[in-house]
Amino acid sequence: MKTAIELENIRHEFDTDKECIRLFDNLSLSIGKGQSLAIVGPSGAGKSSLLSIAAGLEAPTGGMVRFFVRGEEVDARTLRAHSGFIFQQFHLMPELDAIGNLALPLRLKGRRDAFDQAAAWLDKVGLKDRARHRPHQLSGGEQQRIALARAFISRPDFIFADEPTGNLDVRTSEGVTSLMFDCARETGCGLVIVTHSSRLAAQADERLHLEAGKLEMAA
Ligand SMILES: Nc1ncnc2c1ncn2[C@@H]1O[C@H](COP(=O)(O)OP(=O)(O)OP(=O)(O)O)[C@@H](O)[C@H]1O
Ligand SMILES: [Mg+2]
């Protein structure tokens with residue numbers, strides 16, 4: 001039963017007062033569950049825009065986007081409900097402590113086991129003793145581990161990560177990267193990562209390079 005994202009001949013452009021910025025045209029890409037994909041390329045190439053389109057957060061200007069979850073074709077909203085997101089700027093809720101941040105996605109779904117699951121994930125990312133700390137009391141790497149656990153806690157089919165290690169030093173990045181790939185393997189979810197880090201990209205099953213509107217397989 002297919003769980004996948006299919007982009008067919010998509011085009012994306014932005015109209016500004018002065019000009020029309022075309023990011024890409026005729027771009028096709030298929031991403032399956034259980035597969036990891038890194039999108040690399042220079043700043044401004046359109047990597048974040050492509051990620052937003054693949055995640056169903058934004059519609060392309062042209063072309064076709066199709067989402068499948070367990071054999072059934074679904075709309076963007078349903079895909080988003082089956083997805084987790086990780087950003088460069090962690091985006092934790094400042095007023096909630098670590099366990100509160102982790103439990104939130106499950107609480108919003110009315111899950112009674114929200115805090116038990118949150119405690120288990122806190123342990124998994126090695127931050128059991130930080131449960132009652134609020135984001136400003138945690139280091140960048142610790143905050144990103146919480147954000148990572150929060151993305152995985154709902155057992156999504158896909159995780160979309162935009163520069164997940166962009167704010168971290170090399171050593172912390174490596175820890176967060178291996179944790180992210182371990183969790184993806186363990187849960188069997190698809191992982192789509194935009195990154196400037198060649199070390200991170202090297203760990204993905206596939207690397208695609210986006211530049212000047214062209215998406216090509218990278219080494
Ligand atoms: N809402 C918007 N309106 C107008 N232009 C936009 C909008 N969003 C993005 N752009 C432009 O589209 C281009 C690609 O942006 P995008 O954020 O996708 O690039 P990127 O490859 O992720 O870059 P970076 O590596 O710096 O994050 C940029 O030139 C950007 O200014
Ligand atoms: Mg970007």
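Reader: Which residues line the largest pocket?

Author: This is a predicted model, in which local features need pLDDT of at least 70 and side-chain atom pairs count only at pLDDT 80 or more, while totals for chains, interfaces and linings use all residues. Residues are numbered from 1 along each chain as its sequence is written, chains are lettered from A and ligands numbered from 1 in the order in which they are written, and side-chain values use heavy atoms, without hydrogens and water.

The lining of the largest pocket consists of Thr165, Leu168, Asp169, Val170, Ser173, Glu174, Thr177, Ser197, Arg199, Leu200 and Gln203. (On a 1 Å grid over the protein atoms alone, a pocket is an open set of points where a 1.4 Å probe fits, with protein on both sides within 12 Å along at least five of seven lines; lining residues have an atom within 4 Å of a point.) Its volume is about 160 Å³, the space filled by probe spheres set on the points, which are joined across faces, edges and corners. Two elements give two or more residues to this lining, helix H6 (170-187) and helix H7 (198-201); H6 gives the most, with four residues. Helices (H or I, at least four residues) and strands (E, at least two) are DSSP runs, numbered from the N terminus. By class, three lining residues are nonpolar, five polar and three charged; Ala, Val, Leu, Ile, Met, Phe, Trp, Tyr, Cys and Pro count as nonpolar, Asp, Glu, Lys and Arg as charged, and the others, Gly among them, as polar.

Elsewhere, four strands make an open antiparallel sheet in the order S2-S1-S4-S5, two strands being paired if DSSP finds at least two bridges between them. Strands S2 (20-32) and S5 (72-74) are at the edges with a single partner strand each, so one side of each has no neighbour in the sheet. On average, neighbouring strands are turned by 30 degrees against each other, direction ignored. Helix H1 (residues 47-54) packs on this sheet and touches S1, S2 and S4, contact meaning heavy atoms within 4.5 Å. The direction of H1 makes about 130 degrees with that of S1; axes are lines fitted to C-alpha atoms, for helices over the stretch in contact, and angles run from 0 to 180 degrees between N-to-C directions.

Strand S1 (residues 4-15) pairs with S4 (residues 62-69) over six bridges. Isoleucine 5 has phenylalanine 67 of S4 as its bridge partner, and leucine 7 has valine 65.
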